[in-house]
Amino acid sequence: MIDFITSHGLDIFTTVLGLVYILLEYRASIWLWLVGIVMPALDVWLYWSHGLYGDAGMAVYYTLAAIYGYAVWKFGRKKGQTAAELPISHMRPRLYLPTAAFFLAAWGLTYYILSAYTNSTVPVLDGFTNALSFVGLWALARKYMEQWFFWIVVDAISCYLYIVKGIPFKALLYGLYIGIAVAGYFKWKRLMLAQERTA
């Protein structure tokens, strides 16, 4: 038992941090970004040691994106914003096409890097989840409702990848993330309606 805990200690610890993170995201709490700095910094080593090089690189991005996300939630403004706090809103339709184009370009580039420069055995899926995570983090930083849809897809594929790669606690965490992301969408929808009533 001790050997199991020792060999999976980092997986277990980052999984606990992941639970804290998603619960803070569910509540639309700015504190999610502070956890979002620590957790991916530790994930870099975890993923790299299991051959998930795309995820390891993505964890570096997550750390930097968490700093950006905190700054945007704390100091950012949206067009027409009157509230002191960044409001939850929907993505404007004019953002759909550039977002899709960015995703496809990021997926292609990530796939190429993983295929050409690493021994990754899952470059297509690893590249896909990384590219969609770029989009998801940007949408989360802007407090767009659609971020939940991106994360549901990322979480489902990541859960599968972590099972295949032998990272059981992360796999369990991402399976749980799917359910929380669905609940989070409805929670944010209620918060958005409440903020519209008080605006």
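Predicted model: local features only at pLDDT ≥ 70, side-chain atom pairs only at ≥ 80, totals over all residues.
## Overall fold

The protein chain is helical. Its secondary structure comes to eight helices and zero strands. Read from the N terminus, the order of elements is α-α-α-α-α-α-α-α. The radius of gyration is 17 Å, close to the 16 Å that the globule rule gives for 199 residues, so the chain is as compact as a globular protein of that length.

The C-alpha trace spans about 55 × 40 × 25 Å along its principal axes. Of the 199 residues, 47% are buried. Among contacts with a separation of 6 or more, 71% join residues 24 or more positions apart.

Helix α2 covers residues 9–26. It has 18 residues and reaches 26 Å from its first C-alpha to its last, close to the 26 Å expected at 1.5 Å a residue. Its buried residues are Asp11, Thr14, Thr15, Leu17, Gly18, Tyr21, Ile22, Leu24 and Glu25. These buried residues pack against α3, α6, α7 and α8.

Just after α2 comes Ala28. This residue lies in the loop between α2 and α3. Ala28 is not a glycine, yet its phi is positive, at about 55°. With a relative accessible area of 13%, Ala28 is buried, because the cut-off for that class is under 20%.

## Helix α4

Helix α4 runs over residues 53–75. Its 23 residues should span 33 Å at 1.5 Å a residue, and the end C-alpha atoms are 33 Å apart, which agrees.

The buried residues of α4 are Tyr53, Gly54, Asp55, Ala56, Met58, Ala59, Thr63, Ala65, Ala66, Gly69, Val72 and Trp73. Their cover includes α3, α5, α6, α7 and α8. Two of these buried residues, Asp55 and Met58, also line the second largest cavity.

## The largest cavity

The structure holds two cavities of 30 Å³ or more. The largest contains about 270 Å³ of space. Its lining has 18 residues. Tyr21, Met39, Tyr62, Trp151 and Tyr174 lie nearest the centre. One of them, Tyr21, is also among the buried residues of α2.

Five helices each supply at least two residues of this lining: α2, α3 (32–49), α4, α7 (147–164) and α8 (168–198). The largest share comes from α3, with six residues. By class, the lining divides into 13 nonpolar, one polar and four charged residues.

## The second largest cavity

The second largest cavity holds about 80 Å³ of space. Its lining consists of Tyr47, Asp55, Met58, Tyr62, Thr129, Asn130, Ser133, Val154, Ser158, Tyr162 and Tyr174. The elements giving two or more residues to this lining are α4, α6 (123–141) and α7. Six of the lining residues are nonpolar, four are polar and one is charged.

Tyr62 and Tyr174 line the second largest cavity, and both are listed among the residues nearest the centre of the largest one.

## Lys143 in the α6–α7 loop

Lys143 lies in the loop between α6 and α7. Its phi is positive, at about 60°, although the residue is not a glycine. Lys143 has 2% relative accessibility, so it counts as buried.

Ala28 and Lys143 can be read side by side. Ala28 has a positive phi of about 55°, and Lys143 has one of about 60°. Ala28 is buried at 13%, and Lys143 is buried at 2%.

Thr99 sits in helix α5, which covers residues 96–117. It is buried, with a relative accessible area of 12%. Beyond its neighbours within four places in sequence, Thr99 is in contact with Met91, Val135 and Trp138.

Gly179 belongs to helix α8. Its relative accessibility is 45%, so Gly179 counts as partly exposed. Gly179 and Ile163 are 16 residues apart along the chain, and their C-alpha atoms are separated by 18 Å.

Notes: Residues numbered from 1 in each chain as written. Heavy atoms only, no water. 1 Å grid on protein atoms, 1.4 Å probe; cavity = no way out; pocket = protein on both sides within 12 Å on 5 of 7 lines; lining within 4 Å. Points joined across faces, edges and corners; volume = space filled by probe spheres on them. Helix = DSSP H or I, 4+ residues; strand = E, 2+ residues; numbered from the N terminus. Nonpolar A, V, L, I, M, F, W, Y, C, P; charged D, E, K, R; others polar. Expected span 1.5 Å × (residues − 1). Buried < 20%, exposed > 50% of the residue type's maximum accessible area, 1.4 Å probe, protein only. Contact = heavy atoms within 4.5 Å. Rg over C-alpha atoms; globule rule 2.2 N^0.38 Å.
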